[in-house]
Amino acid sequence: TSLITKQTKVGQGLTNGLMSSLDSLARIVGPLLATALFQLEHNIPFILAGAAALLATTLVAGYRHAFHKAMDGSSASYDSCSGS
């Protein structure tokens, strides 16, 4: 959340509002969709959750790579970003 609000160009309030709305929508739609898919085939919700986790990991890794490339790859920016 803080990473997104720090990088936004439209305003932190709007960004936080949109993220909160999408979070709420996912909490409503997610269980309904997972239940429907589970009734069709018991493995589908788990496969989709794994795929979503892999996609999220790939997106975060890509963002981190782009961020470090933009910071000229200096070790100081990497240490501050990684929490070391």
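Predicted model: local features only at pLDDT ≥ 70, side-chain atom pairs only at ≥ 80, totals over all residues.
## Helix packing and surface features of the chain

The chain consists of four helices and zero strands, so that, reading from the N terminus, the order of elements is α-α-α-α. The chain has 84 residues, of which buried residues make up 7%, and its accessible surface amounts to about 6,800 Å², with 68% of that area belonging to carbon and sulfur atoms.

The salt bridge joins Arg27 to Asp23, with the closest N and O atoms 3.2 Å apart, which lies within the 4 Å limit applied to such pairs. Both residues belong to helix 2, where Arg27 and Asp23 are four residues apart, or about one turn of the helix. The two partners are assigned to separate accessibility classes: Arg27, at 61% relative accessibility, counts as exposed because its value is over 50%, whereas Asp23, with a relative accessible area of 37%, is partly exposed. Side chains of opposite charge can pair when their charged atoms come close.

Helix 2, which spans residues 12–40, also contributes to a nonpolar surface patch of about 610 Å², made by Leu22, Leu25, Ile28, Val29, Leu32 and Leu33. Among these residues, Leu22 is found in helix 2 and, with a relative accessibility of 58%, is classed as exposed.

Other residues of helix 2 include Thr15 and Asn16. Thr15 has a relative accessible area of 8% and is therefore buried, the threshold for that class being under 20%. When neighbours within four places in sequence are left aside, the contacts of Thr15 are with Ile4, Thr5, Thr8 and Val10. Asn16, by comparison, has a relative accessible area of 35% and is partly exposed, because this value falls between the 20% and 50% limits. Ile4, one of the residues in contact with Thr15, is twelve residues from Asn16 along the chain, and the C-alpha atoms of Asn16 and Ile4 are separated by 8.8 Å.

The packing of helix 2 against helix 3, the latter comprising residues 44–70, can be described by the axes of the two elements, which come within 7 Å and cross at roughly 130 degrees.

Note on methods: Residues numbered from 1 in each chain as written. Heavy atoms only, no water. Buried < 20%, exposed > 50% of the residue type's maximum accessible area, 1.4 Å probe, protein only. Contact = heavy atoms within 4.5 Å. Patch = residues over 30% accessible without salt bridge, like charges linked within 9 Å, V, L, I, M, F, W, Y side chains within 5 Å. Areas by Shrake-Rupley, 256 points an atom, 1.4 Å probe, with all protein chains shown as cover. Salt bridge = Lys/Arg side-chain N within 4 Å of Asp/Glu carboxyl O. Axes fitted to C-alpha atoms, helices over the stretch in contact; angles between N-to-C directions.
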